[in-house]
Structure formats: C-alpha cells, structure tokens
Amino acid sequence: MGTSDRDRQFHPFGLAVCSTETEEDFEFIFRTLKSNTKNLNPKVLIADCAEAITNGFTNAFGSGFARVHCWFHVMDKLRKKLDVTVDAKTKAELLEDIRVMQVSSTECEFKSASALFLKKWSPNENTKAFLAYFTDEYLKKRSGWYEGIAPGFPSTNNGLESLNNKIKNEGTFRLRLPLGEFFTVIIKLIKDWSLDRHPDSPNYVSFVTAPTIHTLLVSEAYEFAKSRGKTVRTKIINSNEVEYFIPSTLQKQLTERDIKSFHKNRVKLDTYKQWKSRLDVVKLDRANWKNSTCTCATFQKEYICSHVIGIAALQQLFQFPDSAKTDLIGKRRKAGRPRKVKQALLVA
Ligand SMILES: [Zn+2]
C-alpha cells in the first residue's frame, strides 16, 4: 500500500500480509492505515478491479473518492475476452478505439466517447458478445480506467506492482520463509523505505509535488514554441481562463471550425478520433503555469508536456534556458549564429 507523487514515483506506506483478500481484510488494512495516520483523507483509490478493495476502502474512508480501475488490468481482461470472441483484425481495431477513449481528459468526454464507440460497433454482429461484456463490466460496473477520472494521478497501479515484484524477486523471498524469519526481513525492508524518505539519507527519495521538467522536454517545448508557436490560436473563456489551440505536427493550420466545434459533441467515433489527432488544447493557469492542463496523451499520463511549457514560455511565464536551444537530441543546430526566437502568438 502506498501513494504516488507527481513524477509517478511510488512511495510505500506499509505492507500487509494477507492470505484471503476479502472485503473484511481490506477494511482492516485501511482502518489500520487510517487510525495510524493523522488527517488522512484519501480522494483517489487506485487498484486492480477487485470489488473487495473498493468495499473495504469505502467501509474505512466513506464513499467520497474516485475509484481508478488500473488500466493495465482492464486491458489485460479485454484482450483475453477479445481473443475468444472476435478475429485478430477486429480485435486490433476495437483496442485502438478503446485506447483513444482511455485518454479522455474529462468524465463528459469519456461518456460521449463510450456512446460513440457503442454506436460504431453495435451494428457489427461479430462484436455482440464482446460489447455486452465490455458494457457490463467496464462501462457500467467499473468505468474508472480513463485518464480524466483522477487528473494528476496514475491510471495504473504499476508502481505498486513493480515494488511487489521487487520484494518477491529479492533473494530472500524466492524461498518461502518461515513466518518469524519473514517478519525479520520485512521489518528491515520497511525501515529502509522509511529511512530513504529522510532528507539526510544518502539514498534520499523525495516526494515530488510538481512534475520534474526534464531537459529533453524543455528542448521539445522550445522546438514547438519556435516552429509552431505562430500556429497556436486562442479562445478567451472568461476573464481568468484562456484556451490555447495547438495544431498537431501533421496539421499545419487550424480552421475556425476546429476551434468552434471543440466543445461540441461528436456524432461519430471516427470524427472524434480525427479531432483528437488534429489538435491539443492547453488551459493556461497564469498564476501558476505548472498547474496548467493539456488534452494531449503525454500530459494525461505525465502531468506535464511540451505544449504547456511552450505556451508558458510564449506567454513570458517561463524562460527557456540556453541549453534548451542546443540540446535537442537528434537535431543539430545549423552552422552560424543561431536565429533569435520570434515571439509570436495569434489571438483569435
Ligand atoms: Zn500537451
């Protein structure tokens, strides 16, 4: 059990040894966490699809939380079902559509994409069994697998799973240890996790509250601002909010229609997919540009993207370091003096 920071680094709270994994077991685990932690009020639960976890968590913390159903587990279940219900080509097409739905940035977008998905595929007799399963299991009962369900939180519990695997694979645990010995080893491990979170520790693992902006991403943002900054269009929502419409790399210019129809509901899944690939939209937070959002897939997964940095820079909220102008991997600066960056942004 643990939490994830803004760099998607997993930080364990502790470890529970449990043989039955029932609702009561999980309730006991969560209540123990609650009674030993001051002011703990979790708003998001990320786990595989087990109802026992959801119910145990609700019993301990109440129902005011977003339940994220690990996308990795959902995908695994969907693949297995598709293998026995449809042919390989249809499977690939269905999965491609479901992946597009997964990066929905809001509940409204996900619901609309889900409806379009069913509308597209329901006339196809071969997909009937799969669609019935998908609708029941992953749209009605467990729909928390799209990115927008909990913005700024992971959509998978891979962080926890990889820690579990690490524990299991470490020499000591390959063999089944007697309980007494097991506890000696595990208590040492938990102590180490705890000490590693102390700033004085040589292996200090900090809890990051804003995504780390890596050099390569800054270089990509620089490239975007320089080469495509001019093509960005803006739309004023109200006195505090402005949306920046960015054409995709394949798209040279956005049309008035692209911007006007952004908030409109789509009629077909394929039009929705086309729209997703035509543009990305940044909502800039002027007070703290790092709190800005973008509709692109990278932002949905990593809480930061070159668009947000690039727009912040074009709006003078962020200054590119000189290194960003030369660091871009795979790109060499032309000989001679580097050209100055043109400050340009069209206002619609
Ligand atoms: Zn983006």
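**Helix packing and local backbone features**

Helix H4 (residues 88–102) packs on helix H5 (residues 107–121) with an angle of about 165° and an axis separation of 10 Å. An angle over 145° counts as roughly antiparallel, so H4 is roughly antiparallel to H5. The crossing of the two helices is right-handed. H4 contributes Leu94, Asp97 and Met101 to the contact, and H5 contributes Phe110, Ala113, Ser114, Phe117 and Trp121. By class, the contact of H4 with H5 holds six nonpolar residues, one polar residue and one charged residue. The model is predicted.

The overall architecture is as follows. The protein contains 14 helices and eight strands. Its C-alpha trace spans about 70 × 60 × 40 Å along the principal axes. Of the 348 residues, 25% are buried. Contacts between residues at least 6 apart in sequence were also sorted by separation; 65% of them join residues at least 24 apart. The chain is divided into three parts: domain 1 (2–69 + 153–196), domain 2 (71–144) and domain 3 (215–325). The centres of domain 1 and domain 3, taken over C-alpha atoms, are separated by 36 Å.

Helix H3 (residues 71–85) and helix H6 (residues 128–141) meet at an angle of about 160°, and their axes are 10 Å apart. H3 is therefore roughly antiparallel to H6. This crossing is right-handed. On the H3 side, the residues in contact are Val74, Leu78, Lys81, Leu82 and Thr85; on the H6 side, they are Ala129, Phe130, Tyr133, Phe134 and Tyr138. The contact of H3 with H6 comprises eight nonpolar residues, one polar and one charged.

Helix H10 (residues 215–228) packs against helix H14 (residues 306–314) at an angle of about 60°, with 8 Å between the axes. The two helices are therefore oblique to each other. H10 passes H14 in a right-handed crossing. From H10, the contact draws on Leu217, Val218, Glu220, Ala221, Phe224 and Ala225; from H14, it draws on Ser306, His307, Ile309, Gly310, Ala313 and Leu314. Eight of the residues in the contact of H10 with H14 are nonpolar, three are polar and one is charged.

Nine of its nine residues are buried, so H14 is largely enclosed by the rest of the structure. The buried residues are Ser306, His307, Val308, Ile309, Gly310, Ile311, Ala312, Ala313 and Leu314. The cover over them includes H10 and helix H13 (297–302). Strands also take part in this cover, among them E6 (242–247), E7 (279–283) and E8 (293–294).

Backbone angles were inspected next. Most residues other than glycine have a negative phi. Tyr303 is not a glycine, yet its phi is positive, at about 65°. Tyr303 sits in the loop between H13 and H14. It has 21 C-beta neighbours inside 10 Å and therefore counts as buried, the cut-off being 20 or more. Just after H14, Gln316 also takes a positive phi, of about 65°.

Asn39 is a further residue other than glycine with a positive phi, near 50°. Asn39 is placed in the loop between helix H1 (23–35) and strand E3 (44–47). Only 12 or fewer neighbours qualify a residue as exposed. Asn39 has 4 C-beta neighbours inside 10 Å and so counts as exposed.

Leu189 lies in helix H9 (residues 179–196). Leu189 has 17 other C-beta atoms within 10 Å and is therefore partly exposed. Leu189 and Leu15 are 174 residues apart along the chain, and their C-alpha atoms are separated by 10.0 Å.

Note on methods: Residues numbered from 1 in each chain as written. Predicted model: local features only at pLDDT ≥ 70, side-chain atom pairs only at ≥ 80, totals over all residues. Axes fitted to C-alpha atoms, helices over the stretch in contact; angles between N-to-C directions. Helix = DSSP H or I, 4+ residues; strand = E, 2+ residues; numbered from the N terminus. Parallel < 35°, antiparallel > 145°, perpendicular 65-115°, else oblique. Left-handed = near helix turned anticlockwise from the far one by under 90°. Contact = placed C-beta atoms within 7 Å. Nonpolar A, V, L, I, M, F, W, Y, C, P; charged D, E, K, R; others polar. Domains from an automatic or database assignment.
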